[in-house]
Amino acid sequence: MRANEGTSSVTGPHASRRAALCALVLIAACARSETTVGLITKSNTNPFFVKMREGAEVTAKELGLELRTFSGRYDGDNDTQVQAIENLIAVGATAILITANDPQAIVPAVQRAREAGVLVIAIDTPLDPMDAADATIATDNFKAGELIGRWAAATLGERTADARIAMLNLNPNAITVDVARDQGFLRGFGIEIHDPNVVGDETDPRIVGHDVTQGAEEGGRRAMENLLQRDPSINVVYTVNEPSAAGAFEALKAVGREHAVTIVSVDGGCAGVADVRDGVIGATAMQFPVQMAVLGVRAAAEWSRTGAMPEPSPGLAFYDTGVELITDRPAGGIPVTSSTDGLTKCWG
Amino acid sequence: MLELIHRFFHRNPTAAPGIVLLVAVAIFSAVAGDRFFQPFNLSLVLQQVTIIGLLGVAQTLIILTAGIDLSVGAIMVLASVVMGRLAVDFGWPPAAAVALGLAVGAACGTVNGVIVTRLRLPPFIVTLGTWNVFLALNLWYSRSQTIRSQDIESAAPLLQWTGRSMELLGARVTVGSLLMVLLFGVAWYALNWSAWGKHVYATGDNPQAAQLVGIRTNRVLLSVYAVGGVICAVAGWALIGRIGSVSPQAGLTANLDSITAVVIGGTSLFGGRGSVVGTLIGALIVGILRNGLALTGVDVLWQEFAVGLLIIIAVALDQWIRRI
Amino acid sequence: MTGNRQSASPPMLEAHGLVKRFGRVTALDGADFELYPGEVLAVIGDNGAGKSTLIKVLSGALVPDEGEVRFGGEPVSFRSPIEARLAGIETVYQDLALSPALDIVENLFLGRERRARGILGTVFRRLDRVGMHREAGERMSELGLLTVTDLSQSVETLSGGQRQGVAVARAAVFGSRVIIMDEPTAALGVSETNRVLELIRTVRDRGTPIVLVSHNMPQVWEIADRIHVHRLGRRVAVIRPGTHSMTDGVAIMTGAMGPGERH
């Protein structure tokens with residue numbers, strides 16, 4: 001059994017509920033010396049989550065924890081993730097690390113897990129509201145967007161005043177990550193954002209329009225094509241992730257505008273960094289999914305041993321795993337990492 | 001008057017989606033003007049529907065037999081991954097890689113067909129299962145890695161051949177789009193001018209009657225799934241041409257999109273009725289809708305809404321037409 | 001056994017000593033059967049008498065446990081309806097076995113489509129749609145089915161009697177030697193029934209004998225040349241409409257009267 005003292009989320013009633021749970025679950029499970037940590041990712045097709053899972057597996061093995069992994073069947077699949085949480089509660093997991101497909105809809109299941117005494121850490125995608133999880137370990141997506149926005153403005157220099165900007169978002173659901181990056185980019189570029197929780201409410205005439213890509217190449221290509229039809233003089237493209245950026249590039253190449261347009265993105269996958277090297281993407285904000293998973297597993301182990309909760313970064317409500325700007329064309333005095341160096345740190 | 005209209009549509013069921021298409025084009029031409037109704041944009045729409053159109057050919061054949069195939073997208077991506085890995089990672093001659101990709105498509109389709117005919121399980125259930133199996137194979141074989149467009153360009157440009165385009169009266173037409181139109185033509189011919197095509201319709205319409213006149217319905221079903229698999233692999237090749245890269249994450253909504261095109265095109269999910277031309281029109285309607293709404297700056301939410309509404313209208317219209 | 005022989009010619013289709021068991025139920029218990037050229041033979045019997053089993057054996061849908069079937073004088077054993085059809089025994093099933101979504105021509109030629117001549121037919125496997133359409137039109141009018149004017153309308157738009165006509169035409173068109181019809185007028189109204197009966201006469205007069213399974217006594221008495229009465233798994237009598245009344249027929253069928261009696 002593990003100790004449950006002195007922390008904010010595990011108090012008296014929880015301890016007795018935990019005992020009750022043990023009585024219901026097999027004695028063997030309670031007496032198990034191995035702690036179980038669950039990792040629930042959005043999907044298992046996106047390399048981002050594949051690498052996250054691999055990182056978690058390595059750390060779990062190091063620390064002698066049992067790791068059980070689950071994933072949604074597709075981006076946006078909430079139901080499978082809810083079932084996974086229930087599964088993990090039933091087997092008496094110590095902690096759950098989750099990248100939520102639907103940060104709002106998953107909250108009731110998360111509450112149930114916490115009431116059952118399970119530590120829940122949101123990874124990569126904060127829940128909505130953020131404090132629905134015990135802790136959050138994520139990229140500051142707003143900062144990531146800001147970084148590439150500032151870089152894009154600095155790169156354009158004087159032409160910033162009459163830039164023609166295309167915004168390629170994720171999907172109509174407007175999840176937290178999508179919104180944060182979008183709004184961060186606009187703020188970084190110097191465009192006034194109205195409600196930072198809403199995409200598309202800006203009035204700046206430099207924005208040609210928004211379209212969705214489903215975060216993949218096909219969607220990126222189609223969204224870019226349609227926006228180009230609206231305004232063939234687009235010269236800046238914000239993309240929510242690198243696969244959609246690659247698709248957008250194909251569309252630009254098809255009309256011969258690939259050199260006249262600057263594409264920025266977020267992610268830091270190795271394919272995306274290679275695209276930076278090859279001039280497909282101008283600059284990308286690199287995330288550290290493996291870090292998130294590693295830290296999450298370590299935090300779970302720490303909590304199960306000592307009951308200490310993971311600490312957020314100073315001044316923030318979550319632990320920021322950081323971003324780095326990957327580009328070969330430094331601008332605006334922003335600290336950058338070259339693509340060559342980026343290829344050593346990338347994931348995927 | 002209503003009687004006349006009803007009779008007309010009963011004779012020419014494909015006219016219904018055809019008229020919807022014309023109306024959609026007319027509306028968007030009025031609202032978005034030159035940006036919409038120009039050769040370049042219209043050919044753009046053709047390119048945008050190429051992948052779904054190709055999958056739609058396969059799906060039409062299968063749905064005509066009162067079946068359905070939920071694994072078409074997965075077969076497409078698996079085939080593209082096979083082509084990419086073999087040509088780029090393992091250095092195979094690109095033509096051989098493409099050929100093997102097509103063979104993998106045929107094999108996957110055959111698996112579907114064999115399970116449906118031998119084990120007599122409903123196609124919905126079978127292809128639901130194989131969808132997951134093919135997806136898993138895809139993730140395993142691709143190791144979840146994307147093969148980048150630039151790498152394919154240097155190692156095996158043949159894989160991107162379907163993306164090559166040519167100028168045609170102000171429009172840009174890609175090889176992939178031409179392939180799609182060609183396959184639609186071949187499918188139309190087979191369904192209307194060959195005995196096999198009649199057998200496909202008969203198998204979907206009344207399988208017991210078909211068997212009683214000597215049609216080997218199991219063979220027909222097997223052929224339909226196998227041919228469908230090859231067409232999905234061709235779609236995989238066209239996918240590489242369109243997005244440039246080989247991505248294990250591609251085609252996630254392709255299954256439902258292909259069924260949408262078939263349904264809007266007037267083919268009945270109960271089998272035995274419909275045309276492959278209808279599917280092409282159905283795909284074009286969705287493409288025109290998305291393109292037109294995007295051009296007029298309408299929020300993306302409404303695109304989804306519009307497609308959903310279209311499906312309901314299409315099915316309701318189809319039911320009314322079928323009423324004798 | 002009452003009734004005269006049809007003529008001196010041998011039976012077209014005959015069976016002797018047929019036995020068929022389903023578990024503990026014996027559906028056919030030494031049944032005999034003869035069909036002569038140029039006649040309409042009706043098969044009547046109460047429910048459970050075994051007449052549908054008899055028909056299924058003759059049409060190839062069932063294989064008998066004992067007994068033999070002879071067709072055109074030669075012993076045959078059909079293992080499927082297709083084999084029977086290939087030999088020339090066509091069956092018009094009670095539910096017609098038509099494909100509702102396909103049109104009349106397509107249904108007529110279903111499974112036996114004609115290809116175009118030359119390369120178009122062999123290499124491109126192209127159907128001779130025009131030829132099939134023309135032939136269908138000729139055959140249908142031969143049979144007097146002129147009410148169906150547009151052959152490219154789908155079968156589901158036809159009335160019950162017209163569909164029956166298409167099903168019979170399909171059986172008659174391909175040079176079949178025997179046609180078996182199972183309850184052909186069961187679902188039809190009066191005028192349509194008359195048309196079907198006319199059709200049956202026309203087909204018989206063109207030289208194809210017909211086996212007609214029916215519950216409808218007035219119809220049977222109107223159209224049949226001879227009547228095979230089936231009871232308890234065997235043929236108990238062959239009677240003629242001229243010599244026996246409907247009441248006699250029903251009585252023999254139900255066992256109220258012996259086959260040799262007459263009222």
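Tutor: Buried area is the accessible area (1.4 Å probe) that two parts lose on being put together, summed over both; in this predicted model, chain B and chain A bury about 2900 Å² between them, 51% of it on carbon and sulfur atoms. In chain B, the residues that lose the most area to chain A are B:Arg148, B:Arg242 and B:Gln249, together 22% of what that side buries.

Student: How many residues does the contact take from chain B and from chain A?

Tutor: Contact means heavy atoms within 4.5 Å, and here it takes 35 residues from chain B and 29 residues from chain A.

Student: Which conventions lie behind these values?

Tutor: Residues are numbered from 1 along each chain as its sequence is written, while chains are lettered from A and ligands numbered from 1 in the order in which they are written. As the model is predicted, local features need pLDDT of at least 70 and side-chain atom pairs count only at pLDDT 80 or more, whereas totals for chains, interfaces and linings use all residues; side-chain values use heavy atoms, with hydrogens and water left out.

Student: What share of the residues in chain B is buried?

Tutor: Buried means under 20% relative accessible area (1.4 Å probe, protein chains only), and buried residues make up 59% of the 324 residues in chain B.

Student: What share of the contacts in chain B joins residues at least 24 apart?

Tutor: Among contacts between residues at least 6 apart in sequence, the share in chain B is 75%. Along its principal axes, the C-alpha trace of chain B spans about 65 × 55 × 35 Å.

Definitions and conventions. Buried < 20%, exposed > 50% of the residue type's maximum accessible area, 1.4 Å probe, protein only.
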